[in-house]
Structures are given as structure tokens and as C-alpha cells.
Amino acid sequence: MAAIRLRTEGDIEACLRVLRTVYDTSGYPVEGVEDPALFFGKDEASWVAEVDNTIVGHVSLAKASPDNVAVVLWQQQHPEDIHTSVLGRLFVHPNNRKGGTASKLINTAVEEARRRGRRPVMFALVKDQDAIRLYRRLGWQRFGNTVYKWGDGNEMAAECFASPVP
Ligand SMILES: CC(C)(COP(=O)(O)OP(=O)(O)OC[C@H]1O[C@@H](n2cnc3c(N)ncnc32)[C@H](O)[C@@H]1OP(=O)(O)O)[C@@H](O)C(=O)NCCC(=O)NCCS
């Protein structure tokens, strides 16, 4: 069973190694892994999952920003609600999946968001059905469809989710 702890600066290299494998096998993140500073850089809090002292998974919590398509849609639907956070940067090494690691990572981030008085929202690309199934199983509520755009005119369909209210 994976253990979850806060990520430190010294973990980035190991996280990047796992992310590269995830990209090669699952195509996540669609932007690629050429800019680790961007991927691991600007979040409020991040956690890693470890098995036998080896990092196998990762999740982050970030401030709500208009760059995020789930935040934009949530704010259109709930203009009065400014108490959101963004859950993201979620991945688990392919060899360590289906054992509850992502569920533990998500629950850790959700607990921290609630401690800060924030409700996490996120989006998942429709192609990432493992993730969508997982969020639904954890009780996250889908609040709409959107389109995620990146790079030079690329776009993909995405679904937006909000964490269940405690
Ligand atoms: C999505 C992702 C993070 C899920 O990671 P994970 O660690 O396998 O997730 P969990 O183990 O918590 O849950 C996955 C499945 O295992 C099952 N499971 C969890 N614990 C289990 C256990 N102890 N025994 C058997 N099955 C278990 C869950 O029920 C779930 O089943 P489902 O696929 O039918 O819904 C992983 O597939 C991944 O990294 N994908 C690529 C990146 C990605 O898509 N990121 C998300 C972008 S939004």
C-alpha cells in the first residue's frame, strides 16, 4: 500500500522519471514532458505516493486560476463562489495502478483543500477514461463539458468535476 507525503524539491527528478513513463504509456500530459518546471512548478501544495521508498505517484492542489477550463466553467455557473481550488498533476506509474494509490492521493489533496475552506474542481480529458471512472467512483460530480486547448491549435474534449461536499 502506497504512503502519501508532501513533495519536496528533491523529489522532482524522481517524479519526472515516473511522469515520462506515464507519458510514454498513457499519453498524459498531452503537452508532453519537455517543460518540467511548468508541470511541477506553480502549485500550492503537492504530494507524492511512495512504495518501498520509491515514488510511484503524484498529485497537486493549485489556486483557482482563469487559465484552468474547469475553473472558468465553475465560475460561469457559480459566479458568487470564489472558494475553489484546482486538483491536478495526477498520475501513477503503470506498474502501481489499480491498488488505490490515486484514490489516496486525491483524498489527501481534498482534505487539505477543505482545511483551507476550498472546494476542489478539476477537468479530465475524455480520452482519460481511467481517471473519469475514478473521480466518479470517489463521488465527484460532473458539472459540464468543455474543450481543453494547448500548443499550436490543439484541442480535446474534457469533462469538469467538483469534489463532493463533505
Ligand atoms: C488515473 C490514474 C491516476 C488512476 O491511478 P490508480 O492508482 O490506478 O487509481 P486507483 O487504484 O485509486 O483506482 C483505479 C481502479 O483500481 C481499483 N482499485 C482500487 N484499489 C483497489 C484494490 N485494493 N484492489 C483492487 N482494485 C482496486 C479502483 O476501484 C479503480 O477501479 P476502476 O478502474 O474500475 O474505476 C492512473 O490510471 C494514471 O496515472 N493514468 C494516466 C494519467 C491520467 O490520466 N491522469 C489523470 C488526468 S485527469
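**Figure 1. The largest nonpolar core and its most connected members, A109 and V121.** In this predicted model, the largest nonpolar core comprises 40 residues, of which A109 and V121 touch the most other members. Helix α4 gives the most to this core, with 6 residues. With residues up to four places away in sequence set aside, A109 touches W47, V59, L61, L87 and P120.

Figure 2. Helix α4 spans residues 101-115. The helix has 15 residues and reaches 21 Å from its first C-alpha to its last, close to the 21 Å expected at 1.5 Å a residue. T101, A102, L105, I106, A109, V110 and A113 are the buried residues of α4. These residues lie on the same side of α4, because they cover an arc of only 165° around the axis. An α-helix has 3.6 residues a turn, so residues three or four places apart point the same way. The exposed residues E111 and R115 are carried by the face of α4 turned away from its buried side. The cover over the buried residues of α4 includes the strands β1 (3-6), β2 (45-51), β3 (54-63), β4 and β5 (119-125), together with helix α5. Just after α4, G117 takes a positive phi of about 75°.

Figure 3. Helix α1 covers residues 12-26. From its first C-alpha to its last, this helix of 15 residues reaches 20 Å, close to the 21 Å expected at 1.5 Å a residue. I12, C15, V18, L19 and V22 are buried in α1. Seen down the axis of α1, these buried residues fall within an arc of 125°, so they line one face of the helix. On the other side of α1, the residues E13, D24 and T25 are exposed. Helix α2 and the strands β2, β3 and β4 are included in what covers the buried residues of α1. The helix is followed by G27, whose phi is positive, near 65°.

Figure 4. I12 is placed in helix α1. This residue counts as buried because 20 other C-beta atoms lie within 10 Å, and 20 or more are required for that class. Leaving aside neighbours within four places in sequence, I12 is in contact with P36 and F40. The C-alpha atoms of I12 and A37 are separated by 9.2 Å, although the two residues are 25 residues apart along the chain.

**Figure 5. Helix α3 and the strands against which it packs.** Helix α3 consists of residues 69-77, and its buried residues are A70, V71 and W74. These three residues line one face of the helix, because they fall within an arc of 95° when seen down the axis of α3. The buried residues of α3 pack against β4, β5, β6 (141-150) and β7 (154-162).

**Figure 6. The shell around the ligand.** Of the 20 residues around the ligand, Y28, R97, G100, A102 and S103 come nearest. The elements that give two or more residues to this shell are α1, β4 (84-92), α4 and α5 (129-137). Helix α5 gives the most, with 5 residues. By residue class, the shell around the ligand divides into 9 nonpolar, 5 polar and 6 charged. Y28, one of the residues that come nearest to the ligand, is joined to P29 by a cis peptide bond, with omega about 0°. P29 is found in the loop between α1 and α2 (36-41).

**Figure 7. D52 and N53, two residues with a positive phi.** Most residues other than glycine have a negative phi, and most peptide bonds are trans. D52 is not a glycine, yet has a positive phi of about 50°. N53 is likewise not a glycine and has a positive phi of about 65°. The loop between β2 and β3 holds D52, and N53 is also placed in the loop between β2 and β3. D52 counts as exposed because 7 other C-beta atoms lie within 10 Å. N53 counts as exposed with 6 other C-beta atoms within 10 Å. The limit for an exposed residue is 12 or fewer such atoms.

Key
Residues numbered from 1 in each chain as written. Predicted model: local features only at pLDDT ≥ 70, side-chain atom pairs only at ≥ 80, totals over all residues. Near = placed C-beta within 6 Å. Helix = DSSP H or I, 4+ residues; strand = E, 2+ residues; numbered from the N terminus. Nonpolar A, V, L, I, M, F, W, Y, C, P; charged D, E, K, R; others polar. Core = buried A, V, L, I, M, F, W, Y, C linked by C-beta atoms within 7 Å. Contact = placed C-beta atoms within 7 Å. Expected span 1.5 Å × (residues − 1). Arc of directions from axis to C-beta.
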